[in-house]
Amino acid sequence: MVVVYWSGGPVSSGSLRLNGEDGSIIGQRFRLSSSLRIGANGNDGDILLFRGNNTSIETPTEDPSIRLDGQSGSIIGQRFRLSSSLRIGANGNDGDILLFRGNNTSIETPTEDPSIRLDGQSGSIIGQRFRLSSSLRIGANGNDGDILLFRGNNTSIETPTEDPSIRLDGQSGSIIGQRFRLSSSLRIGANGNDGDISLFRGSNTSIETPSEEPSIRLNGDTGDIILQNADCAEDFEIEILEAAEPGTVMVISDGSRLRVSSQAYDRRVVGVIAGAGQFRPGIILGRNRGTKNSLPIALMGRVNCKVEADNISIKVGDLLTTSSIPGHAMKAQYPEKAFGSVIGKALGELDSGKGLIPVLVALQ
């Protein structure tokens, strides 16, 4: 046994003790015994770490929990193996972690490029089939559960130079892009609707349990486009916008502009301003948002229309034409006068006075 003391002379115990009985090295701040073996038994150049319950270095009761192999440069644990498949730093890559395929034979001189590289300088993850760097952020900075995709010219994930071009929001289930937003307004498949695309109003709060029927549904099985709304309309420029409201009968004025009807049996009749009551246009043609004085005119389909029955009541199925009362339709009593001025067919009734009834628009 060898006992080493401090230069000040012997004290109650040695500062370093080499015990020849059990092979331990015992210091005031450490103990190397049956838990550590450096070399020996054909393992020169290796460092072997054992669990605390191992009783012998010469004849261990179990395999080492961690082994540092000086020959291959491997670190081998019971739950992992770090060898020619992993390099941390070194060879000008300090701060990087490089992962190689299992067939790579050397860390110092790899036989191929790493399959995945974690770059500590740029924060990038670079794979042979992908690159995750300043273009991708997963969570962080108050966005836990989100995935953010940036343009290639973004220089920082921590302080991006622009908003993400696409954001996957884990909280709401939304996909938000600079040119689109897919959230509770769009559902593609799911819930027994595989192959369908459903579009909801902005007020819908859930894709899983929608609060209303989709306003547009594309049925992938039948090839149908299903519109919740009723009529086909087209935008027209209105002569006096203040005089027009939904349900008003409109006729052609000078040029291509429209005005409120005011003459009975007027052959210049075009249709009814869409949007009165519960009916909304299913399709709007010719929409130009740059034109300020335009409104959608129902050209066919169901629409609520202003009618008057001062002279004769209106029954379901009656043909309707323009009235002398501005913006109203009436029953077409005289077929010879009605030709070319019929707006459509009544789907409701009005015994007398003025009101709003559903009409099937069909100009003739």
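The model is predicted, so local features need pLDDT of at least 70 and side-chain atom pairs count only at pLDDT 80 or more, while totals for chains, interfaces and linings use all residues. Residues are numbered from 1 along each chain as its sequence is written, and side-chain values use heavy atoms, leaving out hydrogens and water.

**Strands and a sheet**

Let's start with the overall make-up: the protein has 1 helix and 33 strands. Both are DSSP runs numbered from the N terminus, with helices being H or I of at least four residues and strands E of at least two. β20 and β21 (residues 197-199) run antiparallel and are joined by 3 bridges. Within this pair, isoleucine 188 has isoleucine 197 in β21 as its bridge partner.

**Burial and cysteines**

How much of the protein is buried? Of its 364 residues, 36% count as buried. Buried means under 20% relative accessible area, exposed over 50%, and partly exposed in between, using a 1.4 Å probe and protein chains only.

| Residue | Relative accessible area |
|---|---|
| Cysteine 232 | 15% |
| Cysteine 305 | 1% |

How many disulfides does a search of the whole structure find? The result is 0 disulfides, where a disulfide is a pair of cysteine sulfur atoms within 2.5 Å.

Key
Pairing = 2+ DSSP bridges.
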